[in-house]
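Take a look at the fold below. Begin with the sheet, then turn to the helices.

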Amino acid sequence: MSKRGAFIVIEGLDRSGKSTQTALLLSRLESARIPAKLLKFPDRTTAIGKMIDSYLKSQSDLDDHAIHLLFSANRWELASSIEHLLAAGTTVVCDRYAFSGIAFSASKGLPYEWCRAPDVSLPAPDLAVFLDITPEAAKARGGYGEERYEKEEMQRRVREVFRRIGEEIKGSGLGAWVWVDAGREKGVVAEEVWGHVELLARGVEGPLCRLWT
Ligand code: FDM
Ligand code: MG
């Protein structure tokens, strides 16, 4: 049986280096001649994504539950493309995924279990890499932008929820979760990320799992 592509998710706080690291990972995969595609959530280009974009820029207001469901719907609208890419042998690297969905909404006070529910049975990553940085260090990297959630206190709560999510993933056998110290020089971080990804990216034999099932 031919191997499928690996599903890799990169998570982290704002300013943790996700864009830099996902880009470095993609070029590394290309150099290794491994077919790979980079996705980013939220995908702001779809109709739902445009609503999310407007909310994040504070150009519109939405109930916390409603925006949570839009973020999840934004993943569902891409779920079948992810499956097809993986089945065709392409490694999918995703900048944020359902874990961000839970971490940010739960940090606003929505119940954790409620936050998880709409993402149940989405494709589960084979590996989630959490780029860990303290909210202080993130802020020192040039400060946060203008968007909603880019505030130190919020980021602090988000990091705590991510910690819970990571522990649960590790305890559940649902793919792997690794914490990478993202406070270091970007080449050092990239090297560590590659160490976690390399073997998986050569192809995965088992079937794709589903989140939280
Ligand atoms: N975010 C992202 C959520 O609140 N829920 C989600 O499901 C996702 C994927 O959106 F503050 C938040 C996290 C971040 C914001 O993300 C935009 P980027 O990576 O900064 O574009
Ligand atoms: Mg941001």
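The text below goes from the sheet to one helix of interest.

This is a predicted model, where local features need pLDDT of at least 70, side-chain atom pairs count only at pLDDT 80 or more, and totals for chains, interfaces and linings use all residues. Residues are numbered from 1 along each chain as its sequence is written, while chains are lettered from A and ligands numbered from 1 in the order in which they are written.

An open sheet holds 5 strands in the order β2-β3-β1-β4-β5, with parallel pairing. Strands (E, at least two residues) and helices (H or I, at least four) are DSSP runs, numbered from the N terminus. Two strands pair if DSSP finds at least two bridges between them. The edges are β2 (36-40) and β5 (176-181), each pairing on one side only. β2 is joined to β3 (residues 91-95) by 5 bridges. There, L38 has V93 as its bridge partner.

Now the helix α3, residues 64-87. Its 24 residues should span 34 Å at 1.5 Å a residue, and the end C-alpha atoms are 35 Å apart, which agrees. The expected span is 1.5 Å times one less than the number of residues. A kink of about 40° is centred on L78; the bend at a residue is the angle between axes fitted to the seven residues ending there and the seven starting there. Just after α3, G89 takes a positive phi of about 90°.

UniProt lists residues 10-192 as "domain: Thymidylate kinase-like", in an unreviewed entry; its annotations may be inferred rather than shown by experiment, with positions in the numbering used here and feature names shortened. Over residues 10-192 the chain is 53% helix and 14% strand.
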